[in-house]
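Here is a short briefing on a predicted model. Please read it alongside the sequence and the structure.

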Amino acid sequence: MEKQLMKGNEAIAEAVVRAGCKFFAGYPITPQSEILEYLSWRLPEVGGNFVQSESELAGISMVYGAAAAGFRAMTSSSGPGYSLLQEGISYIASAELPCLIINVMRYGSGLGDIFVGQSDYWQAVKNGGHGDYRSIVYAPASVKEASDLVVFGFDKAEEYRNPVTLLSDASISQMMEPVELPEMQEHNPDKFEWSLKGKGEGKARSITSVMYFQEDYDNYIAAKYKNIEKNEQLWEEIETEDAEIILVSYGITSRICNEAVELAREEGIKVGLLRPISLYPYPVRAFQKQKNVKAYISVEMTALAQMAEDVALACKMKQPVYSLAGGMEIFEASDVCNKIKEVIDGKAKEVF
Amino acid sequence: MLKKKPAACFVDNKYCPGCGHGIINRLVAEVLEEMGIYEESIGAIAVGCASLMPETFAVDCIQAQHGRAAAVAAGIKRCRPDKTVFTYQGDGDALAIGFSETMYSAIRNENITVIFVNNSNFGMTGGQMAPTTLENQKTTTTPRGRNIAETGDPLNVINMMKDLNTAYIARGSLTNNANIMKTKKYIRNAFEAQQNSEGFSFIEILSPCTTNWKMDPIKAMEHIEKNVTPVYELGVFVERGEKNA
């Protein structure tokens with residue numbers, strides 16, 4: 001497959017089609033709308049279904065139905081629209097159905113704004129909806145990685161029968177980069193015993209919360225997520241081997257940190273970058289293997305340093321955790337370097 | 001004529017004595033079986049009293065979120081156009097929290113069948129006011145009777161739907177044998193419209209809620225005849241009989 005230059009949202013949408021997804025229902029919202037627009041013509045080309053729903057509530061409900069029928073199904077949204085998806089995500093998780101949800105993060109609470117942000121971290125990673133469930137969450141740092149994680153996400157959703165969230169952001173989704181698209185694949189909705197297809201001569205299926213019939217449900221559901229936490233941690237490390245200060249950062253922000261690592265290293269400061277790719281499960285193993293680290297800095301585009309909590313948990317608070325946070329002002333590599341120096345000089349304040 | 005219980009009703013239902021849901025479940029089961037589509041059907045079942053249905057009704061089904069059954073059904077039907085897909089919903093579900101999903105399924109003329117049970121209150125949660133609650137009707141949230149100056153009028157959804165581009169819309173009741181058989185015919189027409197890809201079909205059924213109305217079954221049926229039917233007129237409101245897809 002040849003490399004081509006594509007906008008993030010369009011590469012994501014094409015990867016959705018190539019993953020064998022045949023159903024999309026969603027609602028326009030910036031900076032996500034190109035996914036909707038692209039799929040409006042592309043899905044019918046491959047015999048799929050595209051619905052522009054009257055709301056995100058209806059959209060995720062249609063996805064719930066399509067996923068129950070065994071089809072690869074997805075929706076995408078952003079900001080306030082992502083809040084409306086949470087009801088459906090909880091139901092989909094409770095019924096143990098696979099599906100893909102894309103959140104192209106914008107900044108702020110309420111209406112917020114359409115520019116880049118990472119302030120949906122808590123909502124996406126910790127559970128936006130009610131009850132005991134988790135969504136597996138992947139955060140791409142490039143257009144190519146976004147497209148790869150779409151296919152990977154559908155596979156993981158089916159492996160664990162659980163919703164998967166692709167947590168993109170306005171930068172990754174709106175920028176153009178070279179991308180090698182995944183191969184086209186077909187998906188067979190009848191391959192699952194559980195998929196709704198009419199009972200035939202067999203027993204009628206009931207897609208609903210598994211707590212109604214799963215024996216020893218509490219332990220069952222806890223073990224399910226423990227298993228995901230054990231097996232599905234993904235991360236990338238850059239120059240962490242000898243690093244005494246480790247930046248922790250995901251998505252578009254990690255690319256600013258990449259540059260900061262280079263700049264700091266030029267000045268002889270031993271800095272590395274730990275980039276979580278899976279945000280749930282959080283890559284705690286990456287923290288446990290660090291030998292030389294003296295401090296972590298969580299670098300993220302949120303005012304409240306949302307991910308810093310997970311950094312503190314992952315290092316079991318054995319090292320101090322600092323934060324470079326904020327989203328109204330987008331920081332540059334030099335800002336990250338300044339924060340590193342503040343930490344070294346003992347002038348920075350720990351988060352906890 | 002000796003009549004066999006339809007296979008879909010494989011165990012006794014769990015509704016209150018005198019409730020209309022049991023009759024409606026049975027009618028849907030009979031129609032699906034008589035049409036030979038019972039094994040190929042998929043139901044999106046609402047929250048509320050309807051949610052008791054999957055335990056006693058043997059078709060493939062999914063428990064929809066509160067109010068979203070028509071959207072869930074649309075997702076299934078669009079993926080599996082060869083299957084018969086229906087929703088089974090009460091009035092709180094379909095017309096209060098799910099008004100948007102119900103109406104937009106009609107607006108898009110989704111090729112699904114909505115079985116809509118109007119018992120003029122939220123049954124499962126203990127008898128609160130529903131959009132269909134009659135003027136002056138006492139419920140747990142209208143203890144002095146529904147005051148339409150505050151709540152607006154009882155919602156006649158068929159009046160709102162009948163000018164949309166849909167396939168089949170009818171309202172039946174369960175107050176006597178003749179009405180029950182008429183309602184069954186409406187249900188059959190609705191499923192036939194879906195089979196013919198005519199589009200959206202909607203059957204509203206006036207149904208007794210003996211528990212929350214605090215009436216015995218016979219009184220409840222009399223109440224429907226005397227007070228409910230004048231507000232919610234029975235009959236066929238849309239019948240297109242054309243293939244849409």
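Phe24(A) and Phe50(A) are both buried, where buried means under 20% relative accessible area, exposed over 50% and partly exposed in between (1.4 Å probe, protein chains only). This is a predicted model, in which local features need pLDDT of at least 70 and side-chain atom pairs count only at pLDDT 80 or more, while totals for chains, interfaces and linings use all residues. Residues are numbered from 1 along each chain as its sequence is written, chains are lettered from A and ligands numbered from 1 in the order in which they are written, and side-chain values use heavy atoms, with hydrogens and water left out.

**Aromatic pairs**

- Over all chains there are 13 aromatic pairs. Rings of Phe, Tyr and Trp (its six-membered ring) pair if their centres lie within 6.5 Å; planes under 30 degrees apart count as stacked, over 60 as edge-to-face and the rest as tilted.
- Phe24(A) and Phe50(A) make a stacked pair, with 5.7 Å centre to centre and 5° between the planes.
- Phe24(A) sits in strand S2 (residues 23–26) of chain A and Phe50(A) in strand S3 (residues 49–52) of chain A, so the pair ties together parts that are 26 residues apart in sequence. Helices (H or I, at least four residues) and strands (E, at least two) are DSSP runs, numbered from the N terminus.
- Tyr282(A), Phe287(A) and Tyr296(A) are linked into a cluster by ring pairs.

**Domains of chain A**

- Chain A is assigned domain 1 (3–231) and domain 2 (235–344); such bounds come from an automatic or database domain assignment.
- The C-alpha centres of domain 1 and domain 2 of chain A are 28 Å apart.
- Domain 1 of chain A gives 33 residues to the contact and domain 2 of chain A gives 27 residues. Contact means heavy atoms within 4.5 Å.
- Between them, domain 1 and domain 2 of chain A bury about 2500 Å², with 55% from carbon and sulfur atoms. Buried area is the accessible area (1.4 Å probe) that two parts lose on being put together, summed over both.
- Within domain 1 of chain A, Gln118(A), Tyr121(A) and Trp122(A) lose the most area to domain 2 of chain A, together 31% of what that side buries.
- Three salt bridges are counted between domain 1 and domain 2 of chain A. A salt bridge is a side-chain nitrogen of Lys or Arg within 4 Å of a carboxyl oxygen of Asp or Glu.
- Arg275(A) and Glu145(A) form a salt bridge through their side chains (2.8 Å, N to O).

**Chain A with chain B**

- Chain B puts 29 residues in contact with 35 residues of chain A.
- The two chains, B and A, bury about 2500 Å² between them, 55% of it on carbon and sulfur atoms.
- Asp60(B), Gln65(B) and Arg80(B) supply 26% of the area that chain B buries against chain A, more than any other three residues.
- Four salt bridges are counted between chain B and chain A.
- Glu54(A) forms a salt bridge with Arg108(B), with the closest N and O atoms 2.8 Å apart.

**Ser120(B)**

- Ser120(B) lies in the loop between strand S4 (113–118) and helix H6 (148–151) of chain B.
- Ser120(B) is buried, at a relative accessible area of 1%.
- Beyond neighbours within four places in sequence, Ser120(B) is in contact with Asp91(B), Ala130(B), Thr132(B), Thr133(B), Gln137(B) and Trp213(B).
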